[in-house]
Amino acid sequence: MGLAQTQQVLAQLYTNAEFRERFFTNPQAVGVEFGLSDDEAQQLAEVSSQEVNIFANSLKWKRLGEIRELLPRTAKALGKNFNTLFWRYAETYLPTGIKKHRDDAIAFANFMIKVAQNENLAPAWIGDLVRYEKTWLLAYQPGICLKFCWLRYAVHRDFTAKPTLAIWWRLSGRSQLRHIILPHAEEDTCVGGFPELSKVSVAQSRGEYQEL
């Protein structure tokens, strides 16, 4: 069994509850899907399913903790429902790479936006709040940046139904990220660079980037 096949099977075991159940019910049949021999599949099946479940849950809780820090206002607004939605989402996506926490938060935001649209997720402004915080994360890419976010509610302030335009821009790789909210806006300067993202999250949770 090659390393790539091993990683594929283990990744699915640790991140996909349906796959775990199917694998431990019939490891040989599932092993065929990944090009494993009967012996190789049985060898993996000898790993304790309980231990795999415990480890899988610990990974998801860690992911949830990272995402809560990157989407602080959405997490606060949704309360326990934020966790419930994350458990649904976590079965569908596995982040990888050096920016996996940021990518994970953005992918979860996309998931919540779809849920808000298709399932009438409450409160009514939650979809706008998710898009607003997601755009913060997207704006923290290095280099030149120009991003817009149209909102139906003043999610940066008091959540009243009020057409709002949020804009982020950085004119060069060395300049600071700037942010403005229209109407009645004044320009604001943000701490630059993805390593400072936690500071932005704290600022958002404190409401420091409200309409100026």
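Figure 1. Two strands pair if DSSP finds at least two bridges between them, and strands (E, at least two residues) and helices (H or I, at least four) are DSSP runs numbered from the N terminus. Please keep in mind that this is a predicted model, in which local features need pLDDT of at least 70 and side-chain atom pairs count only at pLDDT 80 or more, while totals for chains, interfaces and linings use all residues. Residues are numbered from 1 along each chain as its sequence is written, and side-chain values use heavy atoms, leaving out hydrogens and water. Eight bridges hold β1 (residues 145–153) and β2 (residues 161–170) in an antiparallel pairing; look for F148, whose bridge partner in β2 is I167. Strand β2 is also joined to β3 (residues 178–182) by five bridges, again running antiparallel, and here W168 stands opposite H179 of β3. Seven of the ten residues of β2 are buried (under 20% relative accessible area with a 1.4 Å probe, protein chains only; exposed is over 50%, partly exposed in between).

**Figure 2. The buried side of helix α7.** Helix α7 spans residues 80–90, and its buried residues are F82, N83, L85, F86, Y89 and A90. They sit on the same side of α7 because they cover an arc of only 165 degrees around the axis, taken from the directions from the helix axis to the C-beta atoms.

**Figure 3. Aromatic rings around Y89.** The structure has 18 aromatic pairs, counted when ring centres of Phe, Tyr or Trp (its six-membered ring) lie within 6.5 Å; planes under 30 degrees apart are stacked, over 60 edge-to-face and the rest tilted. F86 and Y89 make a tilted pair, with 5.9 Å centre to centre and 50 degrees between the planes. Both residues belong to α7 and are three residues apart, about one turn of the helix. Y89 also forms a tilted pair with F111, at 5.8 Å centre to centre and 50 degrees between the planes. This second pair links distant parts of the chain, as Y89 lies in α7 and F111 in helix α8 (residues 100–119), 22 residues apart. Y89 and F111 are both buried. One aromatic cluster takes in W61, F82, F86, W87, Y89, Y93, F108 and F111.

**Figure 4. The whole chain, for orientation.** Ten helices and four strands make up the secondary structure of the protein chain, in the order α-α-α-α-α-α-α-α-α-β-β-β-β-α. Of its 212 residues, 43% count as buried.
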